[in-house]
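Open the model in your viewer and keep the selection tool at hand. The stops below go from the whole chain to single residues.

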Amino acid sequence: MTIAPVDLFIIVVYLLGILFVGLWSVRKIKRQTSESYFLASRNLKWPVVGAALFASNISTIHLVGLAESGFGVGMVVGNYEWMASFTIILLSLVFVPIYFKSRITTLPEFMERRYSPAARTTLSFMFIMSAMLIHIGISLYAGAAVFERFFGIPSLMSIAMISIITVIYTVVGGLRAVVVTETIQTVILLGGAILITVIAMSRLPDVGIDSYGDLLEATKPNQLSMIHLPGEEGFDPGSIWYGFLLGFPILGIWYWCTDQTIVQRVLGAGTLRDAQHGALFASLLKFLPPLFMVLPGVFAYVLFRDIIAEPTDALPTLITELLPTGLIGIMAAALLAALMSTIAAAVNSTGTLVAVDIAKHFRPGLSETSQVRIGRISSVVVMSVAIAWSTQGERFGSIFEAINKLPAQFIAPPIATVLLWGVFWRRGTRQAGTFTLLFGFVAGFVIFLFDMGFGFLGGVQYVSDPVNGLGIPFLLQAWWYFCILSLIYVGVSLATPPPKPEQIDGLTWDRPYAFLARSEITGVRDPRLLAALLAVALVVMYVLVR
């Protein structure tokens, strides 16, 4: 496809506009302190927190990968989004009150208070790896592939262009610049997703589809179902219902409740209520992706399956076949918004981790100016490494699967284990948390290497199929690994002295249900009541779409 001058103009204006807004948002800050740079001075309001949480998560991978999965498998992939809503509710009710009371800057800092300095260092390293490998690396690969397919822009050129602009405003402005631009990008990427969905839906009558029954007949078996049961026609083994029920919470708790790219936004909130309401607002926004990002892939199958050779071409085909000049530029801006918001969040969080959890940890007397400088330098370094890794994105069968499969195997289970047991079980010891986290990461990484097809005979070499791997759906891998690590955690805890009450005061709940009964419900704006309404709405939607 040859890009029209109007579309190119829109893309350029968007890139320059985001750069300007990012730098303008911090124009009044004469001197960046560690709190202003890493936590936006802790005065963010709930709408900004919620929009930033959503934009940090939704990347080009979602816009392209969800449409790809909708074309190939169907609406069942939307469970990743609706199940995320449940885990964001947990963030709001269970974890935000503890994080806020602790006044932490990073999650590794929380792990040090609950367990040990070694746990803090291990978690920092794990977060930095996940940011490089998943949030930045795979996102850059997806974005470069899309822009090369759309506009013929070489991958390295698009990666360089996107990376340079994003790094400039992120490194200069810190978290405030990131969340301000993410708020704008949320509107743009949702607008683009809604636009392509509505236009695709308007074309359905052209192929004889005038009702939901007609749509069912035109799609593959179970393509419109959110729940896949064994034995049904069109059943996808990787999307089995109990895989989502058991395995996704492990992924969700790691990502939504601990990952620095996410939690840093709620830590920057002005009040506990802003943090909780912001998380619930993000939970509400996660209702939308199945309808406006997965469903377009189903429409692509109905409208253009004769000309789409690969599922990855679903969204590009919708754009090139349905959108006129001008609207293509707007959709390209939406793709850029999704990509840049995710990268900016990851770059900012890794800078925070390196400065606060590594540099300051080993040099307690480090000045705030030095912390900010180290954060900026490390952001650039991490971005450079992620660019190199982004060339490995083609090893995975699906772009969207890549961002879930990587953490499911060696990052999410150990982190979810030590966080859940540490917050809900006061008997959990520092030895149990430290050992489980370190062992879980190392052992999981070895399993990941074999599952990806890397061997060690005569050096590192490619020896098996990275798509099918060990033959176990990765969601179930996450669940069973979590169970194994839980046994280890409990065993080590019972074999070691219990922590003193003052060591865990404020870091754990007294009882498992204490987060629900900690005070009386104060009105309709109480986070517990709003969370209940969101949960009921999700259950109703599941009933309707099944």
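What percentage of the 546 residues of the protein chain count as buried? The figure is 59%, where buried means under 20% relative accessible area, exposed over 50%, and partly exposed in between (1.4 Å probe, protein chains only).

Before selecting anything, note that this is a predicted model, in which local features need pLDDT of at least 70, side-chain atom pairs count only at pLDDT 80 or more, and totals for chains, interfaces and linings use all residues. Residues are numbered from 1 along each chain as its sequence is written, and side-chain values use heavy atoms, with hydrogens and water left out.

**The whole chain**

Show the protein chain as a cartoon. Its secondary structure comes to 23 helices and two strands. Both are DSSP runs numbered from the N terminus: helices are H or I with at least four residues, strands are E with at least two.

Switch to the C-alpha trace. Along its principal axes it spans about 70 × 65 × 60 Å.

Now draw the surface. The accessible area of the protein chain comes to about 20,600 Å², and 68% of it belongs to carbon and sulfur atoms. Areas come from the Shrake-Rupley method with a 1.4 Å probe; for residues, only the protein chains shown count as cover.

Colour by charge. The mean positions of the 34 positive and 32 negative charges are 17 Å apart. Lys and Arg count as positive, Asp and Glu as negative; His and the chain ends are not counted. Each charge is placed at NZ of Lys, CZ of Arg, CG of Asp or CD of Glu.

**The core**

Select Phe95, Tyr99, Phe110, Ile136, Trp254, Met340 and Leu419. These have the most contacts inside the largest nonpolar core, which has 172 residues. Helix H15 (residues 327-362) gives the most to this core, with 18 residues. A nonpolar core is a set of buried Ala, Val, Leu, Ile, Met, Phe, Trp, Tyr and Cys residues joined through side-chain atoms within 4.5 Å. In soluble globular proteins, nonpolar side chains tend to be buried together.

Centre on Tyr99. Leaving aside neighbours within four places in sequence, its contacts include Leu107, Phe110, Cys257 and Leu419.

Select residues 107-114, helix H6. Why is H6 largely enclosed by the rest of the structure? Six of its eight residues are buried. They are Leu107, Pro108, Glu109, Phe110, Met111 and Arg114.

Step back to Arg103, in the loop between helix H5 (79-102) and H6. Its phi is near 55 degrees, a positive value in a residue other than glycine. Most residues other than glycine have a negative phi. Arg103 is partly exposed, at 47% relative accessibility.

Jump to Asn222 for another positive phi, about 70 degrees, again not in a glycine. Asn222 lies in the loop between helix H9 (212-218) and helix H10 (241-257). Is Asn222 buried or exposed? Its relative accessible area is 18%, so Asn222 is buried.

**Gly428**

Select Gly428, in the loop between helix H18 (412-424) and helix H19 (430-452). At 0% relative accessibility, Gly428 counts as buried. Beyond four places in sequence, Gly428 is in contact with Arg114, Tyr489, Ser493 and Pro499. Arg114 is one of the buried residues of H6. Draw a line from Gly428 to Val418: their C-alpha atoms, ten residues apart along the chain, are separated by 8.7 Å.

**Partly exposed helix residues**

Go to Ile387 in helix H16 (residues 368-389). Ile387 is partly exposed, at 28% relative accessibility. Not counting residues up to four places away in sequence, Ile387 touches Leu140, Ile159 and Ser163.

Next, pick Met161 in helix H8 (residues 155-202). Met161 is partly exposed, at 29%. Which distance separates Met161 and Leu15, C-alpha to C-alpha? They are 9.4 Å apart in space and 146 residues apart in sequence.

Finish at Leu216 in helix H9, which is partly exposed at 43% relative accessibility.

Conventions. Contact = heavy atoms within 4.5 Å.
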